[in-house]
Amino acid sequence: MQAPQSKKRLRREIEEKRSALPPEERSRISRIICERVAERLRESASSYPPVVFSYLSFGAEVDTFPLLEFCWRAGIPTAAPRTLSKTKEMKLHLLSSREDVQQGIWGIPEPKPECPELPDTALIGWVLMPGLAFDPKGGRLGYGGGYYDRFLSEYARRHGTLPFLLALAFELQLVPEVPTEPHDIPVHAVVTESRWVAAGEEPFLPGRDEG
Ligand SMILES: Nc1nc2c(c(=O)[nH]1)N(C=O)[C@@H](CNc1ccc(C(=O)N[C@@H](CCC(=O)O)C(=O)O)cc1)CN2
Ligand SMILES: Nc1ncnc2c1ncn2[C@@H]1O[C@H](COP(=O)(O)OP(=O)(O)OP(=O)(O)O)[C@@H](O)[C@H]1O
């Protein structure tokens, strides 16, 4: 089967399963996942550039707000995307509280336009990635806009490396193999309610720990 066709089918299948989790269960599990990420951020804050770029969850996605709240309390800078549908780009803005969030296109929460733009993407150390399905090699299936692949290929072109790409997923979103295409950029790890799946090499950032 052609990748685009099998991607479509898998998207539908996982979206259905994810939506079938009762909302209370989704928030309970999301809090567990966010707690795990927070722990990791605490441990390795000095190893990466400071900004955490997180998606702002909508629908049945793993809820990222508990983690954002953690970052805001801990003074960790956070950025989130505004989606430019015409050019299929994401523009990043700094967020410092819930007050900075509004409802955007397709019901996806986004930073209010008056939030300062992230001045330089080199400040991003972590990207908390959304998606529908993931596999043990870091293969990722999104909604099909190519927003993250486009953003990350530009990042890599500009900075010659990638930030740490961490996907947040319910266990039911892990599948043996996600159909991929050459432009798909794999994530470095997937965190679920029950495990960390280390998929690929974490980016090596020379000198980050030595100063
Ligand atoms: N929380 C979150 N934010 C995110 C993403 C995500 O997956 N999760 N995205 C990850 O990439 C980007 C938005 N991605 C999207 C990709 C495709 C469509 C989409 O299918 N739009 C249809 C219309 C949808 C409808 O009205 O039902 C279209 O373009 O025709 C929407 C959003 C950026 N922000
Ligand atoms: N680096 C890129 N430059 C230009 N176009 C790209 C790039 N990456 C992906 N695309 C285009 O985006 C479209 C969607 O890609 P894909 O199906 O992999 O999206 P996705 O990873 O599921 O979505 P998202 O990243 O938005 O969650 C494809 O048609 C692809 O050609």
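In the classification of residues applied here, Ala, Val, Leu, Ile, Met, Phe, Trp, Tyr, Cys and Pro count as nonpolar, Asp, Glu, Lys and Arg as charged, and the others, Gly among them, as polar. The structure is a predicted model, in which local features need pLDDT of at least 70 and side-chain atom pairs count only at pLDDT 80 or more, while totals for chains, interfaces and linings use all residues. Residues are numbered from 1 along each chain as its sequence is written, chains are lettered from A and ligands numbered from 1 in the order in which they are written, and side-chain values use heavy atoms, with hydrogens and water left out.

By these classes, the shell around ligand 1 comprises 10 nonpolar, 2 polar and 1 charged residues. Of the 13 residues around this ligand, Leu56, Phe58, Glu61, Trp106 and Tyr143 come nearest; a residue is near a molecule if one of its heavy atoms lies within 4 Å of it. Two polar contacts (pairs of N or O atoms within 3.5 Å) involve nitrogen atoms of ligand 1: a polar backbone atom of leucine 56 is at 2.8 Å, and a polar side-chain atom of glutamate 61 at 2.7 Å. Taken alone, ligand 1 exposes 700 Å², of which the protein buries 65%; accessible areas come from the Shrake-Rupley method with a 1.4 Å probe.

The shell around ligand 2 holds 3 nonpolar, 6 polar and 6 charged residues. Among the 15 residues that surround ligand 2, the closest are Arg140, Gly142, Tyr147, His183 and Asp184. Helices α1 (3-20) and α4 (147-159) each supply at least two residues of this shell, and α4 gives the most, with 5 residues; helices are DSSP runs of H or I with at least four residues, and strands are runs of E with at least two, numbered from the N terminus. An oxygen atom of ligand 2 is 2.8 Å from a side-chain N or O atom of aspartate 184, and a nitrogen atom of the ligand lies 2.9 Å from a polar side-chain atom of serine 153. The protein covers 72% of the 650 Å² of accessible area that ligand 2 has on its own.

Strands β2 (residues 78-84) and β3 (residues 89-95) pair in the antiparallel sense over 7 bridges, where pairing requires at least two bridges found by DSSP. Arginine 82 stands opposite lysine 91 in β3. The hairpin of β2 and β3 has 4 residues between the strands, and lysine 88 takes a positive phi near 55° in this hairpin.

Notes:
A polar contact is a pair of N or O atoms within 3.5 Å; within protein, one must be able to donate a hydrogen and the other to accept it, and residues adjacent in sequence count only if both atoms are side-chain atoms.
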